[in-house]
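Please keep the model open while working through the numbered points.

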Amino acid sequence: MDLLLILFETGFWAATVRMATPLLFGTLGELICERAGVLNLGIEGIMAAGCMAGWTWVYFGGDLWTGVLFAAFVGACFGLLHAIFTVHLGLSQHVTGLGITMLGAALSSFVFRMLLPNITTPPKIIPFAPVKIPVLSDIPVVGEILFRQSPMTMLALVAVVAVAYVLKKTPAGLALCMTGENPSAVESQGLSVFAIRTTAVVIGSAFMAVGGAFLTLSAFDAFYIGMVNGRGWICIALVVFASWNPGKALVGTLIFAAFDALQMRVQQQTAVALPYQFYLMMPYIFSIVALIVMSRRSAYPKALLVPFRKGER
Amino acid sequence: MRLEPRAHTSMAMTILVPVGAAALALMSCSVLILWAGASPFLALTLLVKGSLGSVFALSETLTRTIPLIFTGLAAAVAFRAKLWNIGAEGQFYLGACAATWLGTGAIDLPPPLLIPLLFAAGAIAGGLWLLGPTLLKTRLAVDEVVTTLLLNFVVLLFVNWLVFGPWKDPMAMGWPQAEPVVDAALLPPLVAKTRLHGGLLIAVFAAVLFWVVMKYTTWGYEIRAVGNNQAGATFAGIPIDRVVIRTALLSGGIAGCAGVSELLGVKGYLTLDLSPGFGYSGIVVAMLAGLHPLGVLLSALFIAALSIGADSMSRALNISNYIADIATAISLLAVLAGMMLTRYRIRFR
Amino acid sequence: MGEATPLLSLRGITKRFGALVANDDIDLDLQRGEMLALLGENGAGKTTLMNILFGHYTADEGSIEIDGAPLPPGSPKAALGAGLGMVHQHFTLADNMSVVDNIMVGVEPLTRFRRNTAAAVAKIRALAERYEMDVSPYSLVKHLSVGQRQRVEILKALYRHTRILILDEPTAVLTPQESDHLFATLRLLVDQGLAIIFITHKLREVMAASDRCLVLRHGKVVFACRTATTSSEQLARRMVGGELPEVRRIAATPGDPLLELGGLSAENDHGYQLLDHLDLTVNAGEIVGIAGVSGNGQSQLADLVSGMIADFSGTFMLAGAPIEKPSPRQMVRRGVGRIPEDRTATGLIGDMTVLENLALESYWKRGFNRLGFLAAVPLRQRTAELLGRFDIRCAGADAPVRTMSGGNMQKLILARVLAERPILIVANQPTWGLDVGATAFVHQRLIEASREGAGVLLISEDLDELFAIADTIQVMYQGTLSPPIDPARTNAAEIGLAMSGQRDISQAMISARD
């Protein structure tokens with residue numbers, strides 16, 4: 001019964017939205033890449049790089065919002081690398097992505113160690129403080145859950161709407177989705193598949209890095225090596241769960257974060273029936289279950305993983 | 001810019017590409033070393049010295065080569081069948097768990113029987129662990145990349161629980177580690193006063209065995225056919241699912257052996273730092289080797305030398321040893337791009 | 001002629017791929033209101049030329065002018081802007097998206113903040129009405145028939161105010177009636193001042209529809225004239241560069257039934273009925289041709305007999321014995337030789353060697369498999385023998401097959417199939433994309449195999465092919481088959497009607513064998 005009571009706490013739902021934020025950025029980023037037909041397994045490393053870049057920027061005197069921008073820029077650079085390999089050279093999206101992940105993780109750890117040698121406890125910064133949106137935050141329940149969050153969380157919610165709008169309502173979004181379905185259809189209309197895919201991967205990777213930056217600039221106040229901890233992989237599962245749809249991605253990340261928040265509460269509140277490691281396993285197992293549930297239903301972009309070469313069709 | 005397929009790939013090119021990739025990786029790291037304020041030349045000298053420059057350095061490098069051969073083979077055989085097993089890290093730990101379970105006194109046998117038994121147990125544990133994601137792939141078309149990756153985190157947490165909980169060694173003064181395996185299970189040292197152990201022979205034997213299987217047997221033929229063109233293999237009547245499952249058992253099994261070999265040859269007991277990411281480095285080893293089992297021997301040696309050498313170099317120059325990981329990642333990306341150049345030529349306009 | 005600036009003018013176009021000269025010094029002029037047929041065998045360089053025109057390739061030499069203005073090379077965007085429109089043989093449409101999406105993409109500037117779908121729909125409706133093309137703008141492309149998809153492709157071009165329309169093999173997948181409809185539409189467009197180039201190897205269409213024709217051979221223009229001044233015989237000789245290779249017909253003496261399908265139905269994963277209570281008998285020693293517009297279940301029929309479809313209802317008998325759970329391996333074991341529709345995607349494994357590809361359906365047999373090891377010596381001997389017997393040109397037994405030409409790939413598949421002395425051969429589009437020589441080779445081998453006692457099930461969208469070698473023809477429409485038709489007692493128009501679903505086949509046409 002305690003479990004059910006948790007579900008009526010606004011604090012629980014506010015925590016859910018907060019925990020969903022990095023996943024939401026990551027999922028949207030991956031979704032943009034995959035809608036254009038490119039799987040980006042670099043997400044885990046790009047998030048790590050965003051984590052590190054945002055934090056370092058702020059630690060060395062930059063302000064928080066330029067820190068977010070800097071993280072996005074770093075993510076975009078990794079995205080460009082991924083695009084050159086997978087789009088222009090047509091190399092395996094799987095292996096390239098893993099290489100980008102290794103590079104992103106190793107580079108961010110290396111740079112962190114080089115900039116801050118000989119430290120024992122991770123130094124701290126002053127992260128984003130929750131803001132109250134006037135009027136909206138006074139709405140009972142919903143106001144507390146949605147409108148007293150970190151500004152980055154609100155940015156994530158705006159991003160969902162923006163991505164959904166661009167994909168559905170703009171000529172650029174149509175071209176992007178068409179590229180993921182059949183690149184020849186786009187090329188024959190005088191658009192460049194390479195340019196569209198590159199742009200999508202660069203923008204998508206910037207989103208991922210912002211998701212990483214949320215961890216150091218909003219959720220916590222310090223950088224730890226290995227801090228992304230599989231969130232990137234979870235985002236990839238969430239994209240499948242969301243059937244490549246931004247709205248469903250929001251629902252998916254919220255459900256996922258709710259389960260995660262729930263397991264944390266249960267872990268804290270109830271008499272410990274299970275060792276804590278098993279609670280920590282839950283997010284990974286949920287992700288796998290989500291993939292299994294959606295396996296037969298998901299309509300993936302037809303040209304996902306298929307490299308495009310001019311003149312071949 | 002466009003790519004045009006080459007009709008023939010020269011032998012020289014096939015060898016030049018991984019070598020060039022390795023060189024490029026070291027060169028890019030030189031930039032980072034310069035940034036850190038050290039001389040890249042000195043760093044490179046220290047790196048070579050630290051990995052190959054003395055009997056001790058060489059023995060350390062070869063010791064590090066052993067698990068990389070196993071995990072490299074795991075990735076090579078799976079990737080040949082286009083089974084994207086990224087879960088070698090988890091399979092490694094489960095192999096070590098199985099060997100710990102049976103090797104810490106549960107079974108009393110002489111070494112010639114006990115060691116093979118523990119390897120078999122580790123292989124079964126690793127193979128079965130990969131079977132799950134593989135069945136999800138063949139039955140429900142669930143992408144195995146994500147499932148194998150996510151399961152790595154599950155295994156690490158499971159091992160975490162074991163070494164902090166039920167398997168915690170009361171004699172270890174509070175350190176999170178399991179009881180050591182019995183003496184009869186330990187792999188004999190190859191060179192006195194070094195850590196180099198008999199696992200090297202097993203690893204080399206495994207590489208040769210995998211090469212024979214891939215090149216000369218119907219199993220290998222089927223794995224290559226399925227990996228190159230699944231639709232074509234299906235049409236020809238090759239039982240795809242059976243081949244993929246067989247590949248998974250081979251791949252997971254050999255990754256499990258990596259864990260057993262590290263446990264019985266180096267540490268002697270299960271801990272959370274038994275592998276500094278051997279499962280992931282195995283992917284680089286396999287790609288550098290062009291997925292060739294005998295090439296894995298060389299590329300494993302290279303990656304091992306890189307990490308051992310970087311360790312000693314970073315201590316001497318006070319540079320973070322993450323530079324080895326960067327070099328590894330860059331060599332992966334470089335070899336990937338290079339392999340494409342063996343098949344296509346780039347034409348501008 | 002001569003005084004007006006041509007709408008399109010190509011001068012000295014040359015394109016090389018390595019040692020191969022795909023286009024060699026090609027000149028071409030096209031006037032407003034003119035329909036030009038571009039003829040040539042597969043591999044003659046027609047598609048390369050059009051790809052250069054459209055900016056997918058860049059010519060090594062030569063220039064292109066549209067309305068007197070030079071066209072910048074290598075830019076599809078510039079080509080589209082200059083009023084070129086192309087309908088590819090393989091439609092460039094996204095199946096999961098709507099007709100209007102497919103037509104609109106890339107037309108509005110990408111920086112615009114909102115799509116104006118309503119205006120696009122209105123314009124499409126107006127165009128469709130004016131040129132008598134029934135297409136609903138909101139339907140998904142995957143729900144359209146092949147003919148409708150082609151109309152969407154033409155609408156795509158018209159929507160962009162195309163002045164020069166290029167169609168690559170536009171009738172390859174159409175019934176004769178649909179083809180007539182297409183050419184009627186094209187004539188309407190030409191009368192409005194459009195210029196049209198259509199690429200084909202079907203002489204009948206050239207004679208019926210074009211104003212002028214141009215014949216390519218080995219990348220060169222070998223013949224150009226006004227259509228009215230030539231004959232199809234002359235064009236054929238120019239295309240092939242000599243006399244047509246003769247395929248020897250041998251009279252059929254049908255024997256016992258080999259393949260018997262009774263009331264056979266099968267669905268795909270989405271529950272669509274693809275084979276619908278189909279009846280079919282193939283006897284020993286005869287070639288049964290299956291005609292039909294693609295997408296009427298021919299692929300599924302081929303897949304079924306190839307062992308690729310495990311779930312079906314009805315009876316499936318092979319040489320008198322029932323088959324309950326077919327698999328590819330089982331069909332091979334029972335003596336079915338299978339020539340798949342798509343050589344590179346399903347027939348061969350591109351990165352494996354000639355030897356390995358020849359062994360694909362027999363490596364597990366005794367003699368080649370020794371305790372799990374591949375028997376190198378017997379495999380090598382067999383490969384050498386087959387390479388010689390089937391005249392397969394390649395760089396050796398250890399060359400990867402992806403480097404071979406289409407004709408040699410098909411010969412390799414044919415060798416793999418015939419080497420096992422099959423009792424039944426199912427050949428799905430066996431000559432698709434082959435030149436005349438390779439086509440004749442394949443036809444001759446199929447005829448010989450049938451006269452030696454094998455039953456041949458030949459599925460083809462090319463009516464000429466069926467009339468050339470089939471002993472009896474059955475028309476496939478929406479998963480069912482017409483009664484057997486004697487090719488000697490009918491013509492392409494009658495078969496075409498049956499292909500579009502008009503089933504009143506007169507008794508006179510029905511094959512005498514029953």
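Which residues of helix 8 (residues 232-240) of chain C are buried? Point 2 gives the reply, after some remarks on conventions.

1. **Conventions.** This is a predicted model, in which local features need pLDDT of at least 70 and side-chain atom pairs count only at pLDDT 80 or more, while totals for chains, interfaces and linings use all residues. Residues are numbered from 1 along each chain as its sequence is written, and chains are lettered from A and ligands numbered from 1 in the order in which they are written.

2. **Helix 8 of chain C.** The buried residues of this helix are Leu235(C), Arg238(C) and Met239(C). A residue is buried if 20 or more other C-beta atoms, placed from the backbone, lie within 10 Å of its own. Seen down the axis of helix 8 of chain C, the buried residues fall within an arc of 100 degrees, so they line one face of the helix; the arc is that of the directions from the helix axis to the C-beta atoms. They pack against strand 3 (35-40), helix 7 (203-209), strand 9 (212-217) and strand 10 (220-226) of chain C. After helix 8 of chain C comes Gly241(C), with a positive phi near 80 degrees.

3. **Chain C as a whole.** Chain C contains 17 helices and 22 strands. Helices (H or I, at least four residues) and strands (E, at least two) are DSSP runs, numbered from the N terminus. The radius of gyration of chain C is 24 Å, close to the 24 Å that the globule rule gives for 514 residues, so chain C is as compact as a globular protein of that length. This radius is taken over C-alpha atoms, and the rule is 2.2 Å times the number of residues to the power 0.38. Of the 514 residues in chain C, 48% are buried.

4. **Domains of chain C.** The chain is divided into domain 1 (8-240), domain 2 (245-335 + 422-514) and domain 3 (352-420), with bounds from an automatic or database domain assignment. The C-alpha centres of domain 2 and domain 3 of chain C lie 27 Å apart. Their contact takes 12 residues from domain 2 and nine residues from domain 3; two residues are in contact if their C-beta atoms, placed from the backbone, lie within 7 Å. On the domain 2 side, helix 15 (residues 436-451) of chain C gives the most, with five residues.

5. **Chain A.** There are 13 helices and zero strands in chain A. Its radius of gyration is 20 Å, close to the 20 Å that the globule rule gives for 313 residues, so chain A is as compact as a globular protein of that length. Buried residues account for 56% of the 313 residues in chain A. Along its principal axes, the C-alpha trace of chain A spans about 65 × 50 × 45 Å.

6. **The largest nonpolar core.** Such a core is a set of buried Ala, Val, Leu, Ile, Met, Phe, Trp, Tyr and Cys residues joined through C-beta atoms within 7 Å. The largest one has 381 residues, of which Ala209(A), Leu73(B), Ile326(B) and Leu458(C) touch the most other members. Helix 10 (residues 193-219) of chain A gives the most to this core, with 15 residues. Not counting residues up to four places away in sequence, Ile326(B) touches Leu103(A), Ala106(A), Leu107(A), Phe110(A), Cys29(B) and Leu32(B).

Key:
A residue is buried if 20 or more other C-beta atoms lie within 10 Å of its own, exposed if 12 or fewer, and partly exposed in between; C-beta atoms are placed from the backbone.
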